[in-house]
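Welcome! Have a look at the chain below, and then we will walk through some of its details together.

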Amino acid sequence: MSAQSPQKSLSAGSLIGTSSNDDVPQQFQRCLVMAGGGFRFGYYLGIYAACQELGKTPDVIVASCGATIAGTIIHHLPDNQQRLAWLTSPQMHAFWRGLQANPQKSLLKAIGGVAKRALFANDVKRIPDLFQDYLFEIPAVLPLPENTNYEGAPDLAIVAGRLLFSRSEVGQLRGTRKLYAETIFSSERVASLLNGMSSPLAGSEWKHSAVAPDLVFETTTLVTDAVRASIADMYYFRCHQIGEHHYLGGVLDLFPIEIARKLGREVMMERKGLYSKLIDLPALRLVLGIDGNQRLHRVFQQQADYWVDTADMEQALVKHQISKQLFWLRNRLALKIPERHEDFVEMINLQWQYGYQKTIAALAVDVKI
C-alpha cells in the first residue's frame, strides 16, 4: 500500500477523470454532499455503500474537511471492501497516531483561547492568526491510495478557503475587507458547471461575512494538497500552503447545498446537529463573520431529495471517535487515539455501520428493499 504519487493531480482525466469535452457539460444525475464529520469520517464509507445497495449511487461527491479523505478513497478505489480496508489500514492508523500537539500551545493557552473566543466573540474585527494559533500538527505524509481510474468512479469536488491575506497582516483591523475566497478543487467538468456562481457565504444576508463573492477553481492541484487544505480547520490545524497561497479548511462552507444543487439533478446530504455555542459558534464568527447555526437553518430550509439524519452522531459515536485529552499536570493537550490497531479498526467499522444504517433508513422510504 503506497502513499499518493506526487505526479497525480486533481486535473481532468488523471485524478478526477470524469470531465466532459462538451462546451456545455451535462449536470450530474446524483450529488452526495459529505459535510465534514471531524474525526468520525468513516461513516461516509457506510453512507456510500448504502447508496449503492439501494440503487442510488452518486456520480459526483462534494466533500469538505475530514470527509475529503473518505471521498478520495471512494473516488480512487472501486469496491467497498477495498475502501474500508484502506481506511482501517496500519498506514492510516499510524497517520492519526502521528498527530501531535502544537509545541507552542500549552493546555492553559488552549483553554484560555477558547474562553476568550467564547466571551469576546465578534464578527472578524481583526485578521485572525491562522498561521500560528492552532492545536495540532498534521504528519507530513497523508496516506491516500493511487487513483485506479476505475469505470463508474464518482467525480469529486473538494471545498476549502483561500486566504486573501498574508502572515504579516495578522492582527490588523479588517474593516470591510474580504479575507477568504471559497475554493473548489475539482475536475474541469465540475468547474464548468459552477462557473459564474457566487459563494453562498457572500450573500446580502451575511453582512459581516469575510468570504469574497467569487468562487475560485483549482483543477491541477495534487490530491494530497487538496485534502490537506480542506482538513485545515481553524484553531485545530495550521492553514495549509499550496504554492504561493494558504488555505483554510472546508469548514468555510461545510454544507454546500447550493453547489450540490448546481451540480446534480438529485441531491443527498446530512441533517446534522447544531454547532456548539461555546466552541464552534465563536470560532466561526471570529474567523468567517458567519453565524454557523443560522447558516445551518438556511441550508435545512432548502431542497434536498434525500436527507440522512446524523444529528445524534455525537452521542451515538461518543465511544468510537478520536477525541481531545487533557493532561493537567503536564499542561498539555493531546488527542486520544486508539493505541492498538485492532481497536482503531473496530472504531472505523462502528462508524461505517452508523453511516450505513442511517442511510438505509433515509432512502428506504423511496426504494423497495
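Which residues does Thr88 touch, not counting residues up to four places away in sequence? Thr88 touches His341, Phe344, Val345 and Ile348, where a contact means heavy atoms within 4.5 Å. Before going on, please keep in mind that this is a predicted model, in which local features need pLDDT of at least 70 and side-chain atom pairs count only at pLDDT 80 or more, while totals for chains, interfaces and linings use all residues. Residues are numbered from 1 along each chain as its sequence is written, and side-chain values use heavy atoms, with hydrogens and water left out.

**Around Thr88**

You will find Thr88 in the loop between α3 (80-87) and α4 (90-97). Helices (H or I, at least four residues) and strands (E, at least two) are DSSP runs, numbered from the N terminus. Thr88 is buried, with a relative accessible area of 9%; buried means under 20% relative accessible area, exposed over 50%, and partly exposed in between (1.4 Å probe, protein chains only). The C-alpha atoms of Thr88 and Val345 are separated by 5.2 Å, although the two residues are 257 residues apart along the chain. A polar atom of the Thr88 side chain also lies 2.8 Å from the backbone oxygen of Leu84.

**Helix α1**

Nine of the 11 residues of helix α1 (residues 43-53) are buried, so this helix is largely enclosed by the rest of the structure. Among the buried ones are Tyr43, Leu45, Ile47 and Cys51. After α1 comes Gly55, with a positive phi near 75°.

**Salt bridges**

A salt bridge is a side-chain nitrogen of Lys or Arg within 4 Å of a carboxyl oxygen of Asp or Glu. By this rule the count comes to 14 salt bridges. Here are three of them:

| Salt bridge | Closest N and O atoms |
|---|---|
| Arg30 and Glu266 | 3.0 Å |
| Arg162 and Glu218 | 2.3 Å |
| Glu169 and Arg177 | 2.9 Å |

Arg30 forms a salt bridge with Glu266. Arg30 lies in strand β1 (residues 28-35) and Glu266 in strand β11 (residues 264-271), so the pair ties together parts that are 236 residues apart in sequence.

Arg162 forms a salt bridge with Glu218. This pair links distant parts of the chain, with Arg162 in strand β5 (residues 155-163) and Glu218 in strand β7 (residues 216-218), 56 residues apart. Both Arg162 and Glu218 are buried.

**Cavities**

Rolling a probe the size of a water molecule over the atoms shows where empty space is left. On a 1 Å grid over the protein atoms alone, a cavity is a set of points where a 1.4 Å probe fits but cannot get out, and lining residues have an atom within 4 Å of a point. By this rule the count comes to two cavities of 30 Å³ or more.

About 80 Å³ of space lies in the largest cavity, whose lining includes Leu201, Phe255 and Arg295. The second largest cavity holds about 60 Å³ of space. Lys105, Asp133 and Tyr235 are among the residues that line the second largest cavity, and α5 gives the most to this lining, with five residues.

Methods. A polar contact is a pair of N or O atoms within 3.5 Å; within protein, one must be able to donate a hydrogen and the other to accept it, and residues adjacent in sequence count only if both atoms are side-chain atoms. On a 1 Å grid over the protein atoms alone, a cavity is a set of points where a 1.4 Å probe fits but cannot get out, and a pocket is an open set with protein on both sides within 12 Å along at least five of seven lines; lining residues have an atom within 4 Å of a point. Grid points are joined across faces, edges and corners, and a volume is the space filled by probe spheres set on the points.
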